[in-house]
Each structure stands twice: as C-alpha cells, then as structure tokens.
Amino acid sequence: MTSTTGRRNFLKIAATIGGGLVLGFDWFSANAEIAVNALSKAELAEGTSLNSYLYIAQDNTITIFSPNPEVGQNIKTSFPTIIAEELDADWTKVKVVQAPFDNSRFERQVTGGSGATPHSYKKLRRVGATARQMLLEAASKQWNVPVAECSTENGFVIHSSGKRSSYGELSIEASKLSVPQDVKLKDRKDFKLIGKRVKNVENKNIATGKALYGMDFYREGMLYAMVQRPEGFGMKLKAVESAAAKAMPGIIDVITFKNNVAIIGKSTWQLLKARKALKVTYENTEKLESTDDHNRIFSELMAKPEATVRRKNGDPDAAFASAAKIIKSEYQCPFLPHNPMEPMNFFADVKTDSVELVGPTQNPGSARSSVSKLLGIPENKISLEITRIGGGFGRRLMDDFVLEAAELSSILKAPVKVVWSREDDMMGGYYRPAVRYRFEAALDAKNDLIGYRLRGAGINAGNPTRENNFPSGAVENLLIESIEHKSPISTAPWRAPITNFLAFAEQSFLDEVALATGKDPVQFRLDLLNKAKTAPVGPVRYDVDRMIGVIKLAAEKSGWGTKKEVSQGFSVYFSHASYVAIVAEASIKNNKPQISKIYAATDCGEVVSPMGARQQVIGGIVDGFGHAMYGKLSFKNGTPEQNNYHKYRLIRMREIPEVEAHFVDNGLDPTGLGEPSLPPTSGAVANAIYKATGKRIRNQPFIDEAPFKVKATV
C-alpha cells in the first residue's frame with residue numbers, strides 16, 4: 001500500500017475523531033514525529049509519511065492504530081497498554097483500531113513466532129513517553145512555568161500549585177512543538193498499567209458478536225466460492241462433470257482453474273449442496289504415500305550412514321565406545337492439521353489495475369506479494385485489510401486461500417469470497433510435519449553423562465532439531481544431525497514449530513537418562529545446567545540462569561517430590577526466547593492414568609498483561625496436552641483418513657486438568673509467550689504417566705500407547 005493510500009485510510013478514521021495531536025511512531029527508529037495538527041483533511045494529507053499513529057483527541061480519547069493481526073494473542077490490548085503506561089493515560093479513554101497492511105510504514109506487520117511484543121515493546125514505550133513529554137512542555141509554555149514543576153497523571157498535566165489541564169486541552173499546543181529526540185522512560189516500580197489487570201479492549205465486541213472476523217465480512221454484490229481440491233496429495237485433475245451442480249438453485253458457474261474446481265454461487269449453503277453433485281476424477285502424478293510408507297521411510301532414514309551434521313562437540317564415537325552404559329530410544333509424532341475454529345476464507349475484488357483484499361491472514365505482506373506475482377499487478381496497487389482471526393496457529397502464514405480468492409475474482413471480473421469447509425481445512429491444508437527422533441546417551445562408570453547423540457528425521461520438516469538448545473553446551477561429546485524425506489504432502493509451521501514435539505521427545509529421554517543414573521529428574525537437569533554455566537561446551541541459545549530459575553520455581557510451587565498421593569512428571573524447555581518449566585501430576589483412575597493438575601513456571605520477561613499472559617500459558621498447555629493425547633492425521637494413498645471432528649479427536653472441556661500458572665518477575669524486556677508453554681507440556685505429562693504406570697510413552701498420540709489400553713470413543 002502506498003503512503004498516499006495509508007493517509008487516505010487514516011483520514012477516514014481521523015475525521016470521526018476530531019482535531020488533536022497526531023503522533024506517528026517510526027517502527028524503524030522509534031522516534032515520534034508530529035504528523036499534523038489534525039484540523040482539516042488538507043492539512044492531514046500534507047502530513048509527514050509515518051508508519052503508524054498515536055492520536056490524542058480534544059475529547060481526551062487516545063487512539064492507537066495497531067498494525068499486527070489479532071489472532072487471540074491479546075496484541076490489541078497489550079500494545080495500547082504499553083503506550084498508555086508511558087503516557088500516563090486514562091485507560092478508559094484508550095481506543096485501538098486495526099491498521100490496514102502498509103509495509104512502507106510498518107517494520108513487522110505479521111503474527112507469528114511469538115514476536116510482536118518483544119519486537120515493539122521499547123518502541124511503543126518511547127512513543128508514549130515522547131507524547132507525555134510534549135504535553136508537559138505544552139503546559140509549561142501555556143502556564144509560563146518550568147517543565148520540572150509539572151507532572152502527569154491519568155490523562156492530565158498537573159502543576160505543583162494544583163493547576164491542571166487535560167491532554168485533550170493541551171493537544172493542539174503540543175502539536176506545534178518540536179519532537180524531543182531523547183525521552184526518559186518510567187522506572188518499572190512506577191508502572192500503573194503494565195503488569196496490572198487490564199481488560200481486553202475487544203471483550204465487549206467479542207461477547208456481543210460485533211468483532212469482525214473474516215467469516216463475518218460481507219460486501220454487497222459479492223459472490224461466494226467453494227473449491228474442490230484433489231482428494232489426495234500427488235493427484236492431478238483429470239475430468240469434471242458439472243452439469244448437475246450448475247442446474248442447482250443459486251449456482252452461477254463451475255470453473256476449472258489450475259488443479260482445482262470452483263463452484264460459484266450466492267450462498268455457502270447452496271454451494272455445499274451443489275458440491276455434492278460434482279463428479280470429479282483424478283489421476284496420479286506422484287507416488288501416493290500412506291502412513292505405512294512413512295513408517296518405513298523413517299526406518300530407512302534412521303539406518304542411513306550419512307546425515308547433515310548440525311552440531312558436533314568433542315569425540316562422540318570415542319565416548320560411546322568407552323561407555324559403561326548406553327541408553328537408546330526413538331520417539332515419533334504424526335502429521336497434525338492446524339484446526340483453527342474459523343476455517344480458511346478470504347475476499348478479493350480484482351479490477352484492471354488494482355486489487356482489494358480483506359480477510360484473516362497472519363502474514364499480510366506475503367499475501368499481497370503472492371497476489372501481485374499471480375496477477376502481475378504492482379504491490380502498491382493492492383490494498384489489504386486485516387480482520388480479526390479465529391485461530392491461526394501457523395496455518396494462516398500460508399497464502400493459498402488468498403490466492404484462490406484473487407484468481408477467481410480475476411477470472412469472474414467480480415468480487416469473490418472464498419470459504420473453506422471443515423473438510424477442506426483438514427484434507428487440503430498444510431500440516432505439522434511428521435518426525436522421528438533417535439536419542440542415545442553414554443554414561444561412564446560413575447553414571448555421569450559423557451556422550452549424547454540425536455538424529456532427527458522429518459517429512460518436509462527442514463531441520464527437525466534445535467542444535468543449540470539444552471542439553472547442548474552441557475555435554476562434552478555431542479552429535480546432532482538431521483535427515484529429511486521430501487513428500488507431496490504439504491507442511492507448514494504449526495504452533496511452536498518443531499519444538500512442539502522435539503521438547504516432548506527430548507525431555508522424556510532426559511528422564512530416561514536420569515532414571516539410569518539414579519538421580520532425581522529435576523536435580524539431573526540442574527546438574528547439567530551447572531556444567532553449561534561453569535564449563536560450557538560451545539555456544540548455546542539459552543540463558544542458563546533463566547532456565548535454572550523456572551526449574552526451581554516450578555519445583556517449589558508444585559511441591560516436587562513431597563506428594564505421595566500423585567505421581568509427578570517434569571519438563572523444561574526454551575523456545576521463542578522464553579523459558580517454561582512444567583510439572584504434571586498423574587493418578588490412576590479406572591485402571592488408566594489421568595492428569596489431575598499441571599503447574600507452569602514461565603520466564604517471559606516483563607509481563608505486560610497478567611490476564612492475557614495467563615490465558616496464553618494455559619492455552620498453550622491445553623493445546624499441547626490435547627494434541628499429544630489425541631491428535632493424529634494418518635494417510636491412505638495420499639488422502640487424509642480424518643476429514644472432520646467425528647474422526648479427529650480433540651480434547652474435551654471435561655478432560656482439561658487444573659492449571660496453575662506462575663511467572664518469574666525479573667524486569668527484563670518481554671520475550672515470546674504465545675507458543676513457549678506448549679512444547680514442554682507433553683513431556684511432563686508423559687513423564688508423570690511413566691511414574692504412575694511404569695510404562696514409557698514414546699509416540700503420539702498417547703491414547704494409542706500402552707498405558708491407555710482402552711481407546712477413547714469419539
């Protein structure tokens with residue numbers, strides 16, 4: 001989107017607010033600049049090109065134009081909280097508006113990798129602090145008093161004499177001042193909003209159904225489209241019989257494009273019925289893979305003598321040759337669909353020399369670039385508005401559903417909204433890669449860990465290891481390698497990519513090694529971390545002290561090792577620059593293990609919103625626990641065998657254990673939070689189940705493993 005288009009969108013919003021101080025904040029330099037004195041459209045149009053805006057209106061409302069897609073991670077609350085804190089704003093007067101995509105103004109307009117708040121925290125604080133300083137200077141000038149005699153509180157500038165003016169009253173005068181380049185940020189001991197309970201700014205809209213998700217978007221005159229994709233990965237469209245579908249009520253056309261067939265109509269219900277009347281035949285273009293093939297392929301990859309070496313320290317071969325004891329285990333996970341509550345959908349209106357896109361995407365920049373490449377229309381002629389997202393988990397980082405809408409609109413010369421069914425979402429989407437790991441540990445005569453080997457084999461997984469994560473740095477002789485199989489089955493990032501299963505496998509194996517050494521599992525990890533701290537072997541990505549901190553906090557809060565009535569399992573993991581330690585408690589009921597409670601200790605730096613943080617930690621735990629217990633997508637001749645929830649098991653509300661979440665208070669800048677609690681959860685659960693049953697779980701889903709002799713019914 002051009003800066004001109006960006007100003008036009010801003011004008012639409014600003015015109016509804018009235019005059020006041022408009023502050024833009026540059027996401028590259030984080031220096032606030034005066035955009036304009038917001039008195040007229042002409043003046044606004046001549047304002048400085050900015051990346052986003054902080055708007056202080058004369059009625060004292062503060063509007064923040066939030067760039068990042070909101071996918072339930074609370075970004076539309078945490079961003080304004082950060083600014084309002086430094087501004088000393090009245091929180092009841094704060095508003096936030098979703099900004100359209102504009103890569104000329106925003107540095108990181110994407111939701112993924114748990115990176116939004118860590119990236120923007122300091123920048124947003126400086127925005128608020130800069131505006132506060134300008135308001136102080138405006139009051140100082142009006143009252144003819146030194147700035148040092150003025151302070152701010154709850155949306156007012158206050159003089160030591162007791163005189164006060166609201167931010168709205170001072171906003172015009174403030175807009176005439178030069179922008180200070182250096183401003184002082186608050187000491188965290190003075191925070192009034194950051195770290196406190198602040199209501200989600202969209203709670204009311206969500207509760208009343210007013211929040212605009214992609215599925216809610218409607219444009220008068222638009223057509224609906226549903227796409228029949230190949231029923232299996234590796235299949236090509238051969239023939240289509242569409243006469244019966246075209247004759248059904250509400251159906252406008254049936255179109256073949258690329259390897260797909262699209263039904264065009266006036267409503268999704270009519271499309272669903274007409275789709276059943278389509279007769280589509282396919283032919284194979286590649287070998288159609290089944291889950292049995294994948295199991296065989298994994299065995300072959302594990303047996304291959306050569307693989308890509310990701311990390312090597314010392315002499316692992318010599319360590320294993322001299323070992324008094326060797327522990328060896330393999331762990332495997334299946335493909336998993338993303339299963340967001342809101343299936344894929346998108347709106348496109350393609351004109352001769354412009355495109356309008358509207359819908360739920362985690363990566364609007366990629367979506368716009370892909371559409372530009374597809375249609376040959378310059379990116380600056382393509383606008384993209386982001387709706388609220390009903391679940392993403394990595395699936396909406398892909399652009400396929402956006403491209404379908406754009407291509408169909410281009411063909412039909414009309415605005416089109418593509419809507420996927422649940423079956424489309426599960427059978428034609430992108431999945432978490434299937435992976436197998438082989439771990440080996442060498443112990444000497446004193447039961448010390450002297451060697452460690454890991455081979456990760458993935459199907460379209462890229463590098464399925466994290467070679468610089470723990471226990472790397474703590475073992476003198478170490479080898480980590482990977483090997484991959486290329487498959488026609490499409491894969492994509494799935495919440496906490498790779499670590500979502502690697503953490504389970506690694507933390508379960510470390511428990512096996514701890515048991516072999518005769519050490520307590522928590523103490524075993526602490527001993528390894530002390531080695532990494534006092535005598536590190538090569539570089540690592542994790543902070544030893546922060547990992548030790550969450551381990552000790554989780555052990556303390558859970559009463560580790562002191563409870564006789566439950567069996568406790570432990571796990572700790574570092575991902576997205578944060579640290580989470582989990583203790584799960586299991587007991588036996590009806591001859592099967594049951595998880596009754598989970599404790600979580602998280603170090604994510606400064607907790608901006610305690611309620612939002614707690615929800616993200618608990619959400620990640622429930623997601624990790626549920627998918628480890630039940631999630632499985634298997635294939636038969638290239639076709640997923642689970643096509644809807646009657647075949648794909650998800651966790652039920654009644655199966656969710658109590659979760660107790662604790663946070664380390666260290667004052668560091670925020671690190672990731674949307675994903676880090678998921679990876680360690682299943683390891684703690686599996687370790688608790690082992691302690692309760694004496695049976696080790698090495699594969700997911702757990703429900704198919706030995707401790708659960710009776711399969712759950714759907």
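Visitor: Is F635 buried or exposed, and what is its relative accessible area?

Guide: This is a predicted model, in which local features need pLDDT of at least 70 and side-chain atom pairs count only at pLDDT 80 or more, while totals for chains, interfaces and linings use all residues. Residues are numbered from 1 along each chain as its sequence is written, and side-chain values use heavy atoms, with hydrogens and water left out. Buried means under 20% relative accessible area, exposed means over 50%, and partly exposed lies in between (1.4 Å probe, protein chains only). F635 is therefore buried, as its relative accessible area is 2%.

Visitor: How is the pair of rings of F233 and F635 classed?

Guide: Rings of Phe, Tyr and Trp (its six-membered ring) pair if their centres lie within 6.5 Å, and planes under 30 degrees apart count as stacked, over 60 as edge-to-face and the rest as tilted. By this rule the count comes to 18 aromatic pairs. The ring centres of F233 and F635 are 6.2 Å apart and their planes stand at 70°, so this pair is edge-to-face.

Visitor: How many residues apart in sequence are the parts that this pair ties together?

Guide: Helices (H or I, at least four residues) and strands (E, at least two) are DSSP runs, numbered from the N terminus. F233, which counts as buried at 13% relative accessibility, belongs to the loop between strand 9 (223–228) and strand 10 (235–241), while F635 is in strand 26 (residues 635–636), so the distance in sequence between the parts is 402 residues.

Visitor: How is the pair of rings of Y437 and F439 classed?

Guide: The centres of the rings of Y437 and F439 are 6.1 Å apart, and both residues are buried. Their planes stand at 45°, so the pair is tilted.

Visitor: How many residues of strand 20 (residues 435–443) are buried?

Guide: V435, Y437, F439, A441 and L443 point one way from strand 20, whereas R436, R438, E440 and A442 point the other way, and all are buried. Strand 20 is thus largely enclosed by the rest of the structure, because its buried residues number 9 of the 9.

Visitor: Which residue is the bridge partner of F439 in strand 21?

Guide: Two strands pair if DSSP finds at least two bridges between them, and strand 20 is joined to strand 21 (residues 449–459) by 9 bridges, running antiparallel. The two strands form a hairpin with 5 residues between them, and N447 in the turn has a positive phi of about 65°. Across this pairing, the partner of F439 is L454.

Visitor: Which strands stand at the edges of the open sheet?

Guide: The sheet has 5 strands in the order 14-22-21-20-15, and the pairing is mixed. Two of them have a single partner strand each, so one side of each is left without a neighbour in the sheet, and these are strand 14 (308–313) and strand 15.

Visitor: By how much are neighbouring strands of this sheet turned against each other on average?

Guide: Axes are lines fitted to C-alpha atoms, for helices over the stretch in contact, and angles run from 0 to 180 degrees between N-to-C directions. For neighbouring strands of this sheet, with direction ignored, the average turn is 10°.

Visitor: Which ring does the charged end of R432 sit over?

Guide: A charge sits over a ring if NZ of Lys or CZ of Arg is within 6 Å of the ring centre and within 35 degrees of the ring normal. The charged end of R432 is 5.5 Å from the centre of the ring it sits over, which is that of W494.
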